[in-house]
Protein chains: 2
Amino acid sequence: MPQYTPPLRDFQFLLHELLDAQSQLSEIPRHAEVNRELIDQVLEEGGKFCADILFPLNREGDEEGCRYAGDGVVTTPKGFKEAWEQFKQAGWPTLTCDPDLGGQGLPFAIGIPFQEMLNSANQAWAMYPGLTHGAYDCLREHGTPEQKALYLPKLVSGEWTGTMCLTEAHCGTDLGMLRSRAEPQPDGSYLITGTKIFISSGEHDMAENIIHLVLARLPDAPQGTKGISLFIVPKFIAHADGSLGERNGIRCARIEEKMGIHGNSTCVIDLDGARGWMVSGPNRGLQAMFVMMNAARIGVGMQTLGLMEVAYQNSLAYAKERTQSRALTGPKQPDKPADPIIVHPDVRRMLLTQKAYTEGSRAFALWLALQADRADGHPDEDVRKDANDMLTLLTPVVKAFITDNGFATTNLAMQVFGGHGYIREWGMEQYVRDARINMIYEGTNAIQSLDLLGRKVLQDNGAKLRKFGDLVKDLIEAEGHRDEMAEFINPLADLAGKVEKLTMEIGMKAMRNPDEAGAAAVDYLRIIGHFVLSYFWARTAVVALARAATGDPFYQAKLATARFYFAKLQPETAMLIRSARAGSAPLMDMAVELF
Amino acid sequence: MPQYTPPLRDFQFLLHELLDAQSQLSEIPRHAEVNRELIDQVLEEGGKFCADILFPLNREGDEEGCRYAGDGVVTTPKGFKEAWEQFKQAGWPTLTCDPDLGGQGLPFAIGIPFQEMLNSANQAWAMYPGLTHGAYDCLREHGTPEQKALYLPKLVSGEWTGTMCLTEAHCGTDLGMLRSRAEPQPDGSYLITGTKIFISSGEHDMAENIIHLVLARLPDAPQGTKGISLFIVPKFIAHADGSLGERNGIRCARIEEKMGIHGNSTCVIDLDGARGWMVSGPNRGLQAMFVMMNAARIGVGMQTLGLMEVAYQNSLAYAKERTQSRALTGPKQPDKPADPIIVHPDVRRMLLTQKAYTEGSRAFALWLALQADRADGHPDEDVRKDANDMLTLLTPVVKAFITDNGFATTNLAMQVFGGHGYIREWGMEQYVRDARINMIYEGTNAIQSLDLLGRKVLQDNGAKLRKFGDLVKDLIEAEGHRDEMAEFINPLADLAGKVEKLTMEIGMKAMRNPDEAGAAAVDYLRIIGHFVLSYFWARTAVVALARAATGDPFYQAKLATARFYFAKLQPETAMLIRSARAGSAPLMDMAVELF
């Protein structure tokens, strides 16, 4: 059976030594009192909950899965409901929520690593609070005061859970085609009819009510994405005092059989004149939903980061324990019949690839969490704007780069186990199956790449990208003169120059032919991903070199991992740049009939 | 539900137009009468069997899986047994077997594409005849005349099936550690005791008897791989006339729950004084088993090729049918609410990546099948030697390069389906789960890479590799002067030079430090894989250019796919060479405790 230990030391290193979270947060009035001790303490407690309560439910939850009991009723795997009760009792749903609504008001810099641990422990389970928090975000920003008062405290406390109901059978990526209809009623409510699919956490037995956020069209709505409105459709209609009234006409018709995340219910949801209340204005539903979507995209990155960490831990333990064959350079344990497989260079490649992507992505994610805190609460408008630009630019990168890498690294973790990796009881293949959805939902990774290149980079002529590039330049300027930093700074600087040139080149080509952007986008996102990771591995090297004299092996490991990253992973950019520059012709020249 | 159409046109193109199979086979006395019509007819009939009988059992077979009924009894999914009966009746198991033993004596050039189709239709099912054929190969080469007379006709006819029993819980890659014991008996038989795991097709209800080939140690055997012997251990002991006698002491203790190939029974096999008969000499078991293993490794490549083809077909159909959003260059179906997703550059990238790897690998595999036919039956010893060298050199490449690519391409096929790809009823995620085992069994892909670089390339100072290189040079010489071939020949020639240099460099470094080979091996195998595919795509371009004037779109598609391969896939070699040259330090410098 797999094991999990929360990576508290790495959180501490990243938050305190690399990113200096405490002083960053001290600039934000509402987080001024958040100090190192508080951060460590919350993460330690959170880690215990994840490792002790959620993690033991993960394998069985996968085997048992959610069950459709008929008549709209879905049961979650054994223990899920009880864990939810403990989660609520301990106040975990309230962690980063508004104190005025019953939340603890802690920063994303705590919320994001907690999300990682939830997902290391149990992605399927963690999706229930994840979507609930998304509904909270959306209503908090776009709800009326009455809606906020009625729904938010219950979502914060975890008494009720949330969903996002977007997809229909004929439209996922292209929401402009959606057909669900909302008929206005004299009392200001709407009656909504339609069928939604792929609704995660759409029905379950863990909470007394489920607040669905549903996209639908008004009778007079314009065609396409400009005619979509957003509605609150509760499972049970709530009275003003929060008590439950009648059962609404929204029902789970069935749940899907899937490749993974079996413990989360993926529902077909029928709305048959279900009563709903509009959020935000008519035809402004997609914009409102995007609040939820952007948070969800970062959340999906954290889902994968969680899986990467736990898969790495287990493959590392196996590589140290499993003895098989001898080292190529001669026996390392001559008294035993074989050496542990970690002596083999390729096993180390598989481990270090996981380690470099996991820890690099975690640095990136925690830095972005601090940007989110600044964007949300910094008193200086310029700081808020800059932080928000970073968040806007890099959200698709967190989502796609981490989930692509995470699918690759969970596969490496499984491969370390040889034949045992393919057997369910060892738990490794579940991580692969669970990780696979993350490349698809909340916008496929190709959609993320179009969002990055088209909307986030080319639309403002690279202004946001240059802001990130300025951080890179500052680092190069500060550290470029030191010999011991050359192995880290040189490839970063080289890539920075190439990113600048490539962006200009694609921008020019895309002006003549938009397919040029479409053809380069996926490669481009991976290049930016490496650009970001190169920056954080170089920054990590700065800190690790400064601490090397302490003799603490933690810093030596960071240095060795940084070296591995630049020697073995970052060279992928050579291929990616060549492929991105190949242009659209190799893709578009072939007529459809020739495929 | 997925669909499958046997790729007969591509088989015909490759066998007749690209490889001129008929004239190649005409040099081999036993295949002198095999002509184009016969090849096409057998593959057409074989394709019908696969598409009509096996393919419809694939999805349900995955859902139902094999079941352990207790007391050693395993039931296969509904329809598997009946399909086996039809397979036998139609004589398909006899296809490439020796006519003296009831076989049809047809060449591998027919057997290999038939294998591909079996696996497109149903990999889990195809493993039963696959392992049976492996047992046939092994006994035909190493069995005594009595053993051959007793077992081979029944294996050829499909009345009995076969297995290979190698792995034990504590040893897979390192068979030198195996512990199963064989006690010699006065009658010349052995009593074998031990437990084997991961035995594919190890128990089932499809045939009346199962012939296990079991590795075990004699009481006085030397330690390690030099002390392993091979034994025939039938489920039912056979009388000399082939009738069944008593039940032998070999039993299935349980079957594994796995990620995929649920329709194939992966068994834990207990031997409790089971009666066996030695094959080949004492302590020579591993060499004898390697006959089976080498055929099995090519077979695993064909398993994946089959999955690649069927996954591609389905993702292509979906990409043409599914309408969602508009082309970046403006509506292509202005009268409909959206365009088919094949208008998007990245969807085309996902399709063309599949197409280029699938068709390129098929060219490689069919060429290798012809090498196998030459190695097996050509009258000229030098020709046999050359062909055998190609087979020896490239078996690990067929196994690892195709299965790595196939896992990637089945994932792309699934990705084309968006959210539907993750849902079981669409069938795409099964291809991913089934394909995943192929990177692991019959020697993990890392083991293949060590076999290639260490045993096949460096051990003879690159002699076999140069033989393949000579074929490449011949092509470059013949076609390098033609302008229209430059886009294909130049990158091939460039890579040929780099392969030569890199091989020398690694060879030199490995002499000083064997870990240098271990560190470079996985990258090296992929580089050789691209070298091989570059050669076959360039040869394909020659034929397609010559036929372009016919106006047949088939040749235009081949040209476009070759262009895509060289523009978008072959550039991976730039990264691989850089990574291979990075050496062992980035992998080995980190102390075990630092991980």
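Is A:Leu54 buried or exposed? I will come back to that after a word on the model, which is a predicted one.

A:Leu54 sits in helix α3 of chain A, which covers residues 36–54. Its relative accessible area is 0%, so A:Leu54 counts as buried, the cut-off being under 20%. As for what surrounds it, I leave aside the neighbours within four places in sequence. A:Leu54 is then in contact with A:Phe49, A:Ala83, A:Leu118, A:Ala121, A:Asn122 and A:Trp125. Take A:Asn122 from that list. A:Leu54 and A:Asn122 are separated by 68 residues in sequence, yet their C-alpha atoms are 6.1 Å apart in space.

Now to the two chains. The size of an interface is often given as the accessible area lost when the parts come together. Between chain A and chain B the buried area is about 7,800 Å², and carbon and sulfur atoms give 63% of that area. In residues, 90 of chain A are in contact with 90 of chain B.

The rule finds four salt bridges across the interface of chain A and chain B. In a salt bridge between the two chains, the side chain of A:Arg424 meets that of B:Glu257, at 3.3 Å from N to O.

Which helix gives the most to the side of chain A that touches chain B? That is helix α16 of chain A, residues 553–569, with eight residues. By class, this side of chain A has 46 nonpolar, 22 polar and 22 charged residues.

Terms used: Residues are numbered from 1 along each chain as its sequence is written. Chains are lettered from A and ligands numbered from 1 in the order in which they are written. This is a predicted model: local features need pLDDT of at least 70, side-chain atom pairs count only at pLDDT 80 or more; totals for chains, interfaces and linings use all residues. Side-chain values use heavy atoms; hydrogens and water are left out. Contact means heavy atoms within 4.5 Å. Buried area is the accessible area (1.4 Å probe) that two parts lose on being put together, summed over both. Helices (H or I, at least four residues) and strands (E, at least two) are DSSP runs, numbered from the N terminus. Ala, Val, Leu, Ile, Met, Phe, Trp, Tyr, Cys and Pro count as nonpolar, Asp, Glu, Lys and Arg as charged, and the others, Gly among them, as polar. Buried means under 20% relative accessible area, exposed over 50%, partly exposed in between (1.4 Å probe, protein chains only).
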